[in-house]
Amino acid sequence: MDGIVTDVAVGVKRGSDELLSGSVLSSPTTNMSSIVVTANGNDNKKFKGEDKMDGAPSRVLHIRKLPGEVTETEVIALGLPFGKVTNILMLKGKNQAFLELATEEAAITMVNYYSAVTPHLRNQPIYIQYSNHKELKTDNTLNQRAQAVLQAVTAVQTTNTPISGTTVSESAVTPAQSPVLRIIIDNMYYPVTLDVLHQIFSKFGAVLKIITFTKNNQFQALLQYGDPVNAQQAKLALDGQNIYNACCTLRIDFSKLVNLNVKYNNDKSRDYTRPDLPSGDGQPALDPAIAAAFAKETSLLAVPGALSPLGIPNAAAAAAAAAAGRVGMPGVSSGGNTVLLVSNLNEEMVTPQSLFTLFGVYGDVQRVKILYNKKDSALIQMADGNQSQLAMSHLNGQKMYGKIIRVTLSKHQTVQLPREGLDDQGLTKDFGNSPLHRFKKPGSKNFQNIFPPSATLHLSNIPPSVSEDDLRMLFANTGGTVKAFKFFQDHKMALLQMSTVEEAIQALIDLHNYNLGENHHLRVSFSKSTI
């Protein structure tokens, strides 16, 4: 399933001490005398009485202004975070519904919550108020579809919602479950930031803390809600979903931790309950006004498609928007750092050109400087913070010229060029005007072909006169073994598999932009395919 669908605003479960606080939704009253109820599209049933908003709590809630195509499941989902839903009646022709919860307490909690956070279904605001009816007496034969949906949802929920008769103040999950989720992101072809996670997971309740880290070469996060119920709802809704089209898949489990200890508020970790924390890397802590805004449940970050269905054909546009989403917020870096520090390089072999070629797979390299006093380290300036994140996440820990390289964000904002007339032995090179940048054109298809280093390479721009044997020999000359080869139908492109990822990295560095004659320069990139 491509893209996250989170149409339903799911709420925070309040404790019993809060049950009676908060105002009831003040919305126009509806005169409900003798409404004709259409339960399953064509069977009519009289529903007597009127539903005035007189503030008297009831476990039956009256929901109005529903989008026309909304389903029973979506309406039931509104109530699930607050307790067991025991009945539903859809008034399709009137865009209304009645929802019955197991307890009055659950209904009070739900109304109180949605008076503070306007509920939305299918991106439209809807209105919830107490019904005059103390229970729903529906004719099950006329309401079969709704009852079937209710039974199906209840069956799924029986392990994690209160049984009928319990009060909502009791935990709606088994005690063993934690308010902390452990999140692993698979197929991370585009960077996922802490802010993107905050925006997605805030749909299910107030996010208190997030810590992000890399473990076993995978981006992971720990995220803490105020209540295990919210963690449960988020896990049910989001596990296995993609943040961007066809990539960045969420794998979610409960953490064994029940509380996170966050020391710094920065790109890697944040405690939304403590805006005063330092950033920990010499930068000033977040401006208090910004931090307070962050702490609100409604996120400031507009990440197109990070919520609603993510049918974004160009996921890179979304990733770029995610980086740009922080622009204009004082105290928050706009788009992240563009300069990378690369260490543990093979100083006998490495050149600015080889670093330009390898890092150029993940962004447009502007400048490269191999450090004069420490030639196993280099600074690489990318075109934007998104590209530096991509390069770091894909190249940290890879082997280049026989050594495992380390890639981190540098504290430098730019790479300085040597002063005029100063010979720095060719250690600094400016690639700002290079014709070899892969991502200069907005919306270039190269954005959709960014993959982690792999043993299989994608070759393109092959002239008609060049044969499979020519290419096999060319790539074997880079010092590796060619394991497999396959031309695409038009013979302008091919897949070529080396025996290891390290060999493929070497071949890409040596042969990307290699002149094959007939004015054809070979283009080489990593492939997600195998032969």
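How many bridges join β9 to strand β13, and in which orientation do the two run? In this predicted model, six bridges join β9 to β13 (residues 247-254), and the two strands run antiparallel. Within this pairing, Ile 183 stands opposite Ile 252 of β13. Strand β9 is also joined to β11 (residues 218-225) by five bridges, again in an antiparallel arrangement. Here the bridge partner of Leu 181 is Leu 223 in β11. Strand β9 itself, spanning residues 180-186, is mostly covered, with six of its seven residues buried.

Helix α1 (residues 72-79) is likewise mostly covered, six of its eight residues being buried. The buried positions of α1 are Glu 72, Glu 74, Val 75, Ile 76, Leu 78 and Gly 79.

Aromatic contacts were examined next. A pair of aromatic rings is described by the distance of the centres and the angle of the planes. The count comes to two aromatic pairs. Phe 356 and Phe 431 are stacked, with a centre-to-centre distance of 4.2 Å and 15 degrees between the planes. This pair links distant parts of the chain, 75 residues apart: Phe 356 belongs to helix α8 (residues 352-359), whereas Phe 431 lies in the loop between β21 (428-430) and β22 (456-460). Both Phe 356 and Phe 431 are buried. Phe 485 and Phe 487 form an edge-to-face pair, at 5.0 Å centre to centre and 85 degrees between the planes. Phe 485 and Phe 487 are both buried.

A contact between a charge and a ring is found at Tyr 372: the charged end of Lys 375 sits over the ring of this tyrosine, 4.6 Å from the ring centre.

Technical notes:
Residues numbered from 1 in each chain as written. Predicted model: local features only at pLDDT ≥ 70, side-chain atom pairs only at ≥ 80, totals over all residues. Heavy atoms only, no water. Buried < 20%, exposed > 50% of the residue type's maximum accessible area, 1.4 Å probe, protein only. Helix = DSSP H or I, 4+ residues; strand = E, 2+ residues; numbered from the N terminus. Phe/Tyr/Trp six-rings, centres within 6.5 Å; stacked < 30°, edge-to-face > 60°. Lys NZ or Arg CZ within 6 Å of the ring centre and 35° of its normal. Pairing = 2+ DSSP bridges.
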